[in-house]
Amino acid sequence: MSNESSGIGLGSDDAEMKRGPLGRWVNKAIKNPDRAYRSMFYVATVFFLVTTLFPFYWLLVIALTPNRLISNMGLLPKGFNPEVFITMFERVPFHLYMFNSFVLGITTTVIVLLLASLAGYVFGRLRFPGKSFLMLGILAISYFPPAAFLIPLFELFTGNTAISIGFITVSSPDLFNTPAPMVFPFSALFLPLSIFILTTFYGQIPDGLEDAARVEGTTRLGALFRVIVPLSAPGVATAGVLTFIAVYNEFFFSFLMNNGEASSWAPIVAGILKYQGQFDTPYNLMAAASIVGVLPVAILVIIAQERIVSGLTAGALKE
Amino acid sequence: MGDVKLEHVSKHYDDVTAVDDMNLDINDGEFICLVGPSGCGKSTTMEMIAGLTIPSEGKVFIGDREVTNLPPKDRGVAMVFQNIALFPHMDVYDNISFGLRLRNYDKEEIERRVNRAADVVQLEGMLERMPDEMSGGQRQRVAIARAIVRNPGVFLMDEPLANLDAKLRVHMRTELQRLHKELDTTIIYVTHDQAEAMTMSDRIAVIDSGQLQQIDPPLVCYNEPANLFVAGFIGSPSMNFLDGEVTEDGFVSQNIDVEFDPANLGVEVGRDVTLGIRPEDVYLIEDEHLVTNPSHEIDAMTDVLEPMGDEIFVYLKLEEDAETHLDEDAVATNDQLLMSVAPDTDIEEDKDVSVLLDRSKVHLFDTETGKAISHGIESGIQASEPTGTEAESDD
C-alpha cells in the first residue's frame with residue numbers, strides 16, 4: 001500500500017516516472033469515470049450479497065454439521081448430515097407450524113386487501129373534507145411500535161376486559177390460542193401500507209371507466225371489484241405479497257398471543273423455539289427449520305419480485 | 001318511454017353553480033344536442049340525467065318515472081363517453097356484453113344481442129380483440145355497441161367524437177345519424193362543436209353559464225337566435241355585432257347606420273341595442289342585385305382575406321386605424337366587420353370597398369339583457385317595395 005501511494009505521489013510530480021498498479025488504475029479511472037462507477041457498483045453489490053447471504057450460508061453450515069460437533073466453527077461444515085431435514089420434522093411437527101403461518105398470512109392478506117381496497121377507493125377516488133388529515137393519521141399508525149399495543153390487546157384478547165353498558169356487562173371473549181389475536185393486530189398494523197399503495201393505484205383509473213361500469217349496471221362497489229381492482233392488478237399483487245411476507249416474518253404478536261403449541265395456531269417462530277429441550281439445544285435442527293421456514297417466502301419473492309418492483313414504482317411514476 | 005324531463009334542476013358545487021334552474025323537455029325518439037362552451041354545465045346536465053351526479057335541486061324524469069335519486073343502473077340509460085371508456089382488461093365481446101351479464105341474461109340471448117349490436121356498428125369478426133388492438137374509430141364503435149346492446153330508452157353521448165381525428169369525426173357523425181334513424185331512440189348528445197350540433201340534431205339546446213339559452217331546431221337557432229349568446233355561438237365564423245342606439249331613423253352606431261322605423265319593430269327610441277349580422281349577409285356593392293332589402297352603402301377598407309376554397313372571409317376595417325380582432329366570440333367590434341364573399345370575387349387586401357347589409361337578415365338585440373328584439377327588418381325607407389323573402393327563410 002505504501003509504495004502504491006508513493007507511486008501516485010511520484011506520478012503527480014512527474015508523469016514519466018513509473019507508477020504502482022493503483023496509480024495506473026486511478027489515472028485510468030480519471031480518464032474514464034465509468035470504470036470507477038462500475039467498480040463502485042461491484043464493491044457495493046458484493047458487500048450486500050455477503051451481508052445478506054452469508055447468514056443464510058451460515059445457517060446451512062450449522063444445519064449440516066452434527067449438533068455435537070458445533071463448536072469453534074469454521075467456514076465449512078464439520079461433517080455432512082443431510083438427514084437433519086428429516087429429523088426436524090420428526091422432533092417437532094414443523095409442517096403444522098408452517099401451515100399455521102400460511103393460514104395466518106393468507107387470512108390477514110385477504111382481510112387487508114378487502115379493507116384496503118375499500119379505503120383505497122375512498123382515498124383515491126372520492127373528495128371529502130379532512131381527507132389528507134385522515135390519510136396522515138392512517139400512515140402515522142403504521143409508525144407506532146407494535147409493543148405499544150401489546151398490553152391492552154393482550155388484556156382484551158385474553159378476556160380480561162369488560163365493558164358495561166347500563167345493566168349489561170360484556171366481557172371480551174378469551175381468544176388466546178386462536179388465530180384471532182394475531183390476525184386482528186396484523187391486519188391493523190399492515191393495513192396502512194396497503195391502503196397507501198392501493199390509493200395511488202385506484203386514483204389513477206380514469207373516472208370514465210367507473211362511470212361506464214355504473215351506467216352499464218354495477219353499483220359503486222361492483223365497479224370497484226369488477227373494473228378498478230382488475231385494472232390495478234399489479235398494485236393489488238404488490239400489497240398482497242408485502243402483507244403476506246410481513247405477517248409470515250412477524251415475531252412479536254406471533255410469540256405472545258399463544259402458548260407455542262402447533263394446535264394453538266402458533267406460527268413457525270414458536271416451531272423453531274420448540275426444538276429447545278430441557279437438556280440440549282439442537283442448533284442444527286433449529287438452523288434446518290429456519291432454512292425450511294424461509295424457503296416459501298424466498299420463492300414467493302423470486303416469483304413476484306418483478307411485480308413488486310414495478311408495482312412500487314408504477315404507483316409513483318405512471319402518467 | 002324515452003322522453004326525458006328536467007324540472008328546475010340545479011347543481012351547486014362548493015362555491016360554483018354548474019347548472020342553474022334547468023328545464024328541459026325532451027321527446028321520445030328525439031336527437032337533442034346540448035351545446036355550449038367548455039364549463040357551461042352541459043356535461044353536468046348529462047351526468048344528472050345519467051345519475052352519475054345527483055342534482056342539488058329539482059327533479060329528473062325518464063319516461064314516466066321520477067329518477068332523481070335512482071342510481072345509474074336503474075335508470076334504463078346507456079352512455080357513450082368522451083374518452084370512450086372501454087374496459088381495457090376485457091375483449092370486445094366482454095365489453096359489449098358487460099351490462100347484459102350483470103343483468104343475468106342467459107348465454108344464448110347475450111350472444112344473439114351482442115352479434116346484432118356488432119352488426120349494427122359493423123364490428124363483425126372483431127369480437128375477440130382487446131381494446132388496445134383497435135383504432136380510435138373501432139373503439140368508438142365498440143362503445144356504441146355496448147350502449148345499444150341493452151336497448152336502453154335513452155342514449156347519452158358525452159362528446160363521443162371529440163377524441164377522433166377530423167375525417168373520422170365526419171364519418172362517425174353520419175354513422176350516428178344512420179344509427180338514430182335505425183333505432184329511433186332518444187339521443188342526448190353533448191358537444192361543444194356547433195357544427196356537430198347543427199348537422200345531427202332535431203333540436204339544439206344552447207347552454208351558457210349553467211343556464212338554458214335556447215332550445216330549438218338548428219335552423220331556428222341559426223336564423224332566430226334568442227339572445228346575443230346564441231347568436232354568437234351558433235355559426236362559424238361568428239356573427240358580427242355592432243353596439244349602437246335606436247333613433248327616430250333606425251339604428252345608429254359609430255360607423256354603421258341602418259334605417260328602420262322603430263315603431264314597426266316595437267322598440268322605443270333611445271334604447272341601447274346591439275345589431276347582429278352574419279358574414280354571409282354582408283354584400284359588396286357590386287352584388288346589390290342579390291339583396292332584396294339592402295341597407296345603404298357603407299365605406300370600408302379590406303384588411304385580411306381568408307380564402308376557404310368555397311368562400312372568402314374578408315375582414316373589413318370601418319376606420320383607418322381599426323385593429324383586426326380575429327375570431328372573438330360575441331364581442332361587439334364597432335370598427336370592424338367580417339364579410340364572406342364568393343370565391344371568384346375580385347378582391348384584394350388593403351383596398352377601399354363599399355358594402356351593404358341585407359336588412360332582412362339583420363338581428364337586433366337589447367344590449368343590456370342580450371335578448372333578441374327582432375330578426376330582420378322588413379319595413380324602412382323602401383317600405384313601398386314589397387319584400388320578396390321572409391326574414392327567417394334559409395339562404
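Which residue of β5(B) does F61(B) stand opposite? In this predicted model, F61(B) faces E66(B). Helices (DSSP H or I, at least four residues) and strands (DSSP E, at least two) are runs numbered from the N terminus. Strand β4 (residues 57-62) of chain B pairs with β5(B) in the antiparallel sense, over two bridges. Pairing requires at least two DSSP bridges between two strands.

The four strands of this open sheet in chain B run in the order β2-β1-β4-β5, with antiparallel pairing. Contact means heavy atoms within 4.5 Å.

An automatic or database assignment sets the domain bounds. Chain B is assigned domain 1 (4-232) and domain 2 (237-375). The contact takes 10 residues from domain 1 of chain B and 15 residues from domain 2 of chain B. The C-alpha centres of these two domains lie 38 Å apart.

Residues are numbered from 1 along each chain as its sequence is written, and chains are lettered from A and ligands numbered from 1 in the order in which they are written. Local features need pLDDT of at least 70, side-chain atom pairs count only at pLDDT 80 or more, and totals for chains, interfaces and linings use all residues, while side-chain values use heavy atoms, leaving out hydrogens and water.
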